[in-house]
Amino acid sequence: MKNENKQYDLIVIGGGPAGMMTSVIAAKDGASVLLLEKNDSLGKKLKLTGGGRCNITNNQINPKDFLEVFGENKKFLFSPFSQFAVKETMNFFEKNGLSLVTEARNRVFPKSQKAVDVFNLLEKLMRKNGVEILTNRQVVKINQSGDDTKIITSIKTKKGEEFFAKNFAIATGGASAPKTGSTGDGFRFLQKLGHTIKKPNPNVVPLKTDSKILHDISGTSWSFCKIRFIQDNKTAFSKTGKILFTHFGLSAPLILNSSYEVKQLLKKGEVFASIDLFPDTEEPDLNRKLWRLFEKNKNKKLKNVLPDFLQKQLANAILQYFPEELANKDINEISKDERKALVKKMKNLKMQITGTLGLEKAVIADGGLVLEEVNFSNMTSKLYSNLYVLGDILNINRPSGGYSLQLCWTTGYVAGKDIKNS
Ligand SMILES: Cc1cc2nc3c(=O)[nH]c(=O)nc-3n(C[C@H](O)[C@H](O)[C@H](O)COP(=O)(O)OP(=O)(O)OC[C@H]3O[C@@H](n4cnc5c(N)ncnc54)[C@H](O)[C@@H]3O)c2cc1C
């Protein structure tokens, strides 16, 4: 039910994880809360998180350890994380009936492996605590008053409605994956209100490569490899993990978490990548393994045997780096040198990194409201005492692994709790 004449305790703009969390917490403490969302439903991005599984947080109970990944910015985050960090987040979800599991690299997921269960829980809590939700409501204007101590007085929607509140929260997200609704509206509001916004850049994002052969096996993943990024013939850095080959290049968390450093390298010059598909096996051992397989299949064609060693599509891709006739040779015709060359290729699949995908494909973009303009003890703007700023709107760079959502839970909780003090 819309109520334009009422003065709410809190109006939340944006129904992503940060907005949902803050509205639940404020409403639970008795605040009247209205949440406005421009999409026809809430949490579009939340439902996509973690490949549909939702990596809720990163299970490092000591906030000090958790905050290490934020580098310089951790100094801003000590205060909100002293109020609501990983332990409290996990308790919050579990107490409200969502069982969690911790997987590799401390990543926490719902036991059901369904992002939609996280969404459903938050939406249920919003309704249970009486949050009024209006979808298909794009906020287009934020009105303010006052000179020295400025406050926000009301907001206007594209439909021409005006809503009033004592407090407002901007939780409109950042600039990554704009098709989910986060198109940077919040940045524009804040800029108009006199805040400083750093231009967003895709930071956790897939990489583009020049390798036609690997583009052709789009959708193929390999569960454990080592990728080295090379500049000026030197390894700049390397990482191990699962890789996904796509029609434009490379993806999967290993790549996403390398993309920021790769971007910095690309600013300086050409970057190449070398993928070792068997990082735990030295070349001579791999050669012996392949020889043993060949011994058992002497009269078969290489193209029919290699898929037993690698995945079919990856085996076909490897063969494309060699003259066409090699694939059709019988195993007993393969020379020792040809076998060694195959092994070398599996240990060193080389390609040039030609760039990153843009904001539309980014999991995380930096940019947003500069942190010096935020009171982190309660997540208010330093320019407007009744304006809260939450989640991806903040200029905080971070890796993938549950860190982004934890920022939403923490900032959302701290702001929600502050409403009753306001
Ligand atoms: C593919 C993908 C996978 C991800 N996986 C993970 C993961 O597993 N773990 C993790 O920690 N992070 C993950 N992230 C990052 C995470 O999704 C974001 O950090 C998080 O969604 C940010 O939440 P938010 O509430 O700040 O903003 P958003 O989720 O972007 O929500 C903002 C909401 O505000 C609405 N809105 C915008 N403008 C207006 C307006 N003018 N009026 C009204 N409403 C408006 C939008 O429609 C949207 O619903 C992933 C991101 C992507 C793109």
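User: How many salt bridges does the structure hold?
Analyst: Good place to start! Keep in mind that this is a predicted model. Side chains of opposite charge can pair when their charged atoms come close. In this structure, the number of salt bridges is 21.

User: Which residue forms a salt bridge with lysine 198?
Analyst: Let's look at the atoms at the ends of the two side chains. The closest N and O atoms of the pair are 3.2 Å apart, and the cut-off for a salt bridge is 4 Å. The partner of lysine 198 is aspartate 366.

User: How many residues apart in sequence are the parts that this pair ties together?
Analyst: Lysine 198 sits in strand E10 (residues 197–198). Aspartate 366 is in the loop between strand E18 (364–365) and strand E19 (368–369). The pair therefore links parts whose separation in sequence is 168 residues.

User: Which helix holds lysine 344, and which holds glutamate 283?
Analyst: The side chains of these two residues meet in a salt bridge, at 2.7 Å from N to O. Lysine 344 is partly exposed, with a relative accessible area of 47%, and glutamate 283 is partly exposed as well, at 30%. The pair ties together parts 61 residues apart in sequence. Lysine 344 lies in helix H15, and glutamate 283 in helix H11.

User: Which residues does valine 343 touch, not counting those up to four places away in sequence?
Analyst: Valine 343 has its place in helix H15 (residues 336–347). This valine is buried, with a relative accessible area of 1%. Leaving out residues up to four places away in sequence, valine 343 touches Glu283, Leu286, Asn287 and Leu290.

User: About how many helical turns separate arginine 288 and aspartate 285?
Analyst: These two form a salt bridge, with their closest N and O atoms 2.5 Å apart. Both residues belong to helix H11, where they are three residues apart. Their separation is therefore about one helical turn.

User: What area do domain 1 and domain 2 bury between them?
Analyst: Let's see how the two parts meet. The C-alpha centres of domain 1 and domain 2 lie 40 Å apart. Six residues of domain 1 are in contact with five residues of domain 2. Between them, the domains bury about 430 Å².

Key. Residues are numbered from 1 along each chain as its sequence is written. This is a predicted model: local features need pLDDT of at least 70, side-chain atom pairs count only at pLDDT 80 or more; totals for chains, interfaces and linings use all residues. Side-chain values use heavy atoms; hydrogens and water are left out. Domain bounds come from an automatic or database domain assignment. Contact means heavy atoms within 4.5 Å. Buried area is the accessible area (1.4 Å probe) that two parts lose on being put together, summed over both. Helices (H or I, at least four residues) and strands (E, at least two) are DSSP runs, numbered from the N terminus. Buried means under 20% relative accessible area, exposed over 50%, partly exposed in between (1.4 Å probe, protein chains only).
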